[in-house]
Amino acid sequence: MAAVSRLGRLAANTTAFFLCDMQEKFRPSITHFPEIIIVAKRMVEAARIMGIRLIATEQYPKGLGNTVNEIDVSHAQVFPKTKFSMVIPEVDDFLTKNKDIKSVVIFGIETQVCIQQTSLDLLHRGLDVHVIADGCSSRSMVDRMFAFERLRQSGAIISTSESVLFELLGDSKHPHFKEVQALIKAPAPDSGLLLRT
């Protein structure tokens, strides 16, 4: 097996969180949507606590609504878009101005469309991309599964919300350890990634 060329280590001061299109109109059609909301809420709150920069997008909000009420994006930069990738001109500007960002942690919907296209654009820019498996979903679980496979083959790191948050904390002596630990005390909900035998 070939050695991994990049470790993808995370540090709060060089990481941005990207919340992708968690909008009201998608609620009935996205598989495991309530579970994905719980994970997205956990990640967004952790970003606020740890001072991690947060970008959120909304796909055609005039027709599809805004980010669901359960997720507080008041501390995020929120941009409307029609493009599937989150890397729209405003986000491109943000990345250009924040050259210290080395890693992006992405979560939301849909895995095979906006998450995949955003991740590929970010990888093309030379950034490490961490896709939160328990924080991404799709209408079809086949699309979701093969999107994760494509992203892994392309160099993205497929991880979980808990793994990423503990890596960002790094030490139980971190000043925000107790606050973040409270967010992950309950395990992330089952979002259908594992087959039951």
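1. Two strands are taken to pair if DSSP finds at least two bridges between them; helices (H or I, at least four residues) and strands (E, at least two) are DSSP runs, numbered from the N terminus. On that basis E2 and E3 are paired in the parallel sense, over five bridges. Within this pairing, alanine 56 stands opposite valine 78 in E3.

2. Regarding provenance, the model is predicted: local features need pLDDT of at least 70 and side-chain atom pairs count only at pLDDT 80 or more, while totals for chains, interfaces and linings use all residues. Residues are numbered from 1 along each chain as its sequence is written, and side-chain values use heavy atoms, with hydrogens and water left out.

3. The sheet is open and has six strands in the order E3-E2-E1-E4-E5-E6, with parallel pairing. Its edge strands, each pairing on one side only, are E3 (77-81) and E6 (157-159). From one strand to the next the twist averages 25°, where axes are lines fitted to C-alpha atoms, for helices over the stretch in contact, and angles run from 0 to 180 degrees between N-to-C directions.

4. Helix H3 (residues 89-97) packs on the sheet and touches E1 (15-20), E2 and E3, contact meaning heavy atoms within 4.5 Å. The direction of H3 makes about 170° with that of E1. Helix H5 (residues 141-154) lies across E5 (128-137) and E6, running at about 165° to E5.

5. Threonine 57 belongs to strand E2 (residues 53-59). Is threonine 57 buried or exposed? Threonine 57 is buried because its relative accessible area is 1% (buried is under 20%, exposed over 50%, partly exposed in between; 1.4 Å probe, protein chains only). Leaving aside residues up to four places away in sequence, the residues touched by threonine 57 include Leu19, Phe79 and Met86. Its side chain also makes a polar contact with the side chain of aspartate 21, at 2.9 Å; such a contact is a pair of N or O atoms within 3.5 Å, and within protein one must be able to donate a hydrogen and the other to accept it, with residues adjacent in sequence counting only if both atoms are side-chain atoms.

6. Rings of Phe, Tyr and Trp (its six-membered ring) pair if their centres lie within 6.5 Å; planes under 30 degrees apart count as stacked, over 60 as edge-to-face and the rest as tilted. The count by this rule is one aromatic pair. Phenylalanine 17 and phenylalanine 107 form this edge-to-face pair, at 6.0 Å centre to centre with 90° between the planes. Phenylalanine 17 lies in E1 and phenylalanine 107 in E4 (residues 103-109), so the pair ties together parts 90 residues apart in sequence. Phenylalanine 17 is buried, at 0% relative accessibility, and phenylalanine 107 is buried with a relative accessible area of 0%.
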